[in-house]
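Reader: Can you walk me through this one? I'd like to start with how it packs.

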Amino acid sequence: MTAETSQTLDRGLRVLKLLADTDHGLTVTELSHKLGVNRTVVYRLLATLEQHALVRRDLGGRARVGLGVLGLGRQVHPLVREAAMPALRALAEDIGATAHLTLVDGAEALAVAVVEPTWTDYHVAYRAGFRHPLERGAAGKAILAARRPTQPPGEEVDAPGYTLTHGELEAGACGAAAPLLGVTGVEGSVGVVMLADVVPERVGERVMHAAREVAEALR
């Protein structure tokens, strides 16, 4: 810690990160051990975080992330969208297809930013706010593929670094998407959707490049 930083705030943020990394919560004793501080300090941290609904404790005394973080999370989408727009615009204009940034929202893929090309006669209409299951469409499947350390044998839609699909969300539409990698706290993908029988070969590499650009802008 330096003179310009707050030890208490640092510990509180570490508590939130520890709780976010577990599905079953942590006890005061477990948090005390992980933080390297005594139980009294942990009690005070939890009490303060509870006042702001950032932490809740169940009947068994285990602390979990509170619903208050949802209010903070809602402000993330505009920031992520703003950072991604230059890369999405370039992608849409280069490929001549609708480009999108998709983030995980529970078990669904949520399009948070969409850019349509300006020079094409027709393209797929795709709106920000559109949701679909992670298991359907290139955007969701790219995210799921990034979660797996190895690709299972027989997987048809996943090419190295990007995912291709056809007709899964809209008849006659192809999709290509690549996951965002190395961005703490953000799980998503960048992709394009187009009306075509097959995705042109260069699109996969171009989508991967755009995903890297977005990831770099978010770091």
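What follows is a short chat about cores, an aromatic pair and a helix contact.

Author: This is a predicted model, where local features need pLDDT of at least 70, side-chain atom pairs count only at pLDDT 80 or more, and totals for chains, interfaces and linings use all residues. Residues are numbered from 1 along each chain as its sequence is written, and side-chain values use heavy atoms, with hydrogens and water left out.

Reader: OK, how many residues are in the largest nonpolar core?

Author: That core has 34 residues, and Leu88, Leu91 and Val192 are among those with the most contacts inside it. A nonpolar core is a set of buried Ala, Val, Leu, Ile, Met, Phe, Trp, Tyr and Cys residues joined through side-chain atoms within 4.5 Å; buried means under 20% relative accessible area, exposed over 50%, partly exposed in between (1.4 Å probe, protein chains only).

Reader: And which helix gives the most to it?

Author: α5, with 8 residues. Helices here are DSSP runs (H or I, at least four residues), numbered from the N terminus. There's also a second, separate core of 15 residues, including Leu35 and Leu46.

Reader: Switching topic, how many aromatic pairs turn up?

Author: A search of the whole structure finds 1. The ring centres of Tyr126 and Phe130 are 5.3 Å apart with planes at 65°, so they sit edge-to-face. Rings of Phe, Tyr and Trp (its six-membered ring) pair if their centres lie within 6.5 Å; planes under 30 degrees apart count as stacked, over 60 as edge-to-face and the rest as tilted.

Reader: Is Tyr126 buried or exposed?

Author: Buried, at a relative accessible area of 10%, while Phe130 is partly exposed at 33%.

Terms used
Helices (H or I, at least four residues) and strands (E, at least two) are DSSP runs, numbered from the N terminus.
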